Amino acid sequence: LSSLRGGRRGFLGCAFLLGGGLGLYQTVKFGVHQHLAQEESKLQASKDGPNLTLYQYKTCPFCSKVRAFLDYHGLPYEIVEVNPVMRQEIKWSTYRKVPILMVNEDVFVASLQQLNDSSVIISCIKTYLINKDKGVSELVRYYPELKSVNEKGKAVIEYSNKYWLMLSEAENLEMYPEKGMQKEEMKWRQWADDWLVHLISPNVYRTPGEALASFDYIVREGKFGTYEGIFAKYVGAAAMFFISKGLKKRCRHNLQDDVRQDLYKAVNDWVAAIGKKRKFMGGDKPNLADLAVFGVLRVMEGLQAFDDMMENTKVKNWYRRVESASLNH
């Protein structure tokens, strides 16, 4: 009997040992498979391109420009919505504006590169997509930061070469096969930054009702706390209505009393520059100027200024073509 009991104990011990061994094997096997899957995912990500994280305000026209560019080129990216009041999400950065694009070229090694300024981001990433012999960390050196003081005594940061793509002669010829294409693209990209962007605020805050609708949209789409959002919506709307009136008077661009007319003229000038023979300024497909202008105008969608623009100018067909190209590219 005792030998039988001893045999049972030995059998149970072997069973537990075997079960434990199988459990350990399955655990190790699962861990190995999981690790291989992660490495395969990383390898695929490295083939698809760098990992991108965009710090933004959704309603910022400069941020919208960058999203339009990334979306059109099919580049996946993560979004970090920044609280426009506290800006805690970018407290780690000495550059306190958005957009900021963080680029990790090597998913196997932490090699983050920070890109500032919407036009620098677009030019640098576009250059990288064409010529991958140079990494983003190397290309960003072609867009040096310049610090200066403006006429009001305020420190400002500008970037050299921000409308240029850093390409070889052969790459440049392939990118711009016709004479004048590069110069035209650069001219209208700068126009979007220096003129078109400055028409947005006076138009979306033109009346108290439009200002309230704009801040309702900003609060709804942005990152605000409950009470912070209520305060921003009503106090911000009132403040921006009066500020926009002051901007119109002080603006170096000499805006008209009816700022809608400036907006209408601007977008009609843009459509006229494209002409009747081209679908886009880039010809059969959008170029960087198309994407920049589209990105700026898109922030007004859902607001009265956007509806008025689409109704009273010739921009609608071009706008819908770029929108479709961005969604289907």
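1. The lining of the second largest pocket takes at least three residues from each of domain 1 (47-175) and domain 2 (177-328); these bounds come from an automatic or database domain assignment. The model is a predicted one, in which local features need pLDDT of at least 70 and side-chain atom pairs count only at pLDDT 80 or more, while totals for chains, interfaces and linings use all residues. Residues are numbered from 1 along each chain as its sequence is written, and side-chain values use heavy atoms, with hydrogens and water left out.

2. This pocket has a volume of about 410 Å³. A pocket is here an open set of points on a 1 Å grid over the protein atoms alone, where a 1.4 Å probe fits, with protein on both sides within 12 Å along at least five of seven lines; lining residues have an atom within 4 Å of a point. The volume is the space filled by probe spheres set on the points, which are joined across faces, edges and corners.

3. Of the 21 lining residues, K126, M175, K285, P286 and N287 are the closest to the pocket centre. Helix α6 gives the most to the lining, with 3 residues. Helices are DSSP runs of H or I with at least four residues, strands are runs of E with at least two, and both are numbered from the N terminus.

4. There are 8 aromatic pairs in the model, a pair being two rings of Phe, Tyr or Trp (its six-membered ring) with centres within 6.5 Å; planes under 30 degrees apart count as stacked, over 60 as edge-to-face and the rest as tilted. W188 and W270 make an edge-to-face pair, at 5.5 Å centre to centre and 65° between the planes. This pair links distant parts of the chain, with W188 in helix α6 (residues 181-196) and W270 in helix α10 (residues 259-274), 82 residues apart.

5. W188 is buried at a relative accessible area of 9%, and W270 is buried at 0%. Buried means under 20% relative accessible area, exposed over 50%, and partly exposed in between (1.4 Å probe, protein chains only). One aromatic cluster is formed by W188, W191, W270, F294, F306, W318 and Y319.

6. Most residues other than glycine have a negative phi, and most peptide bonds are trans.
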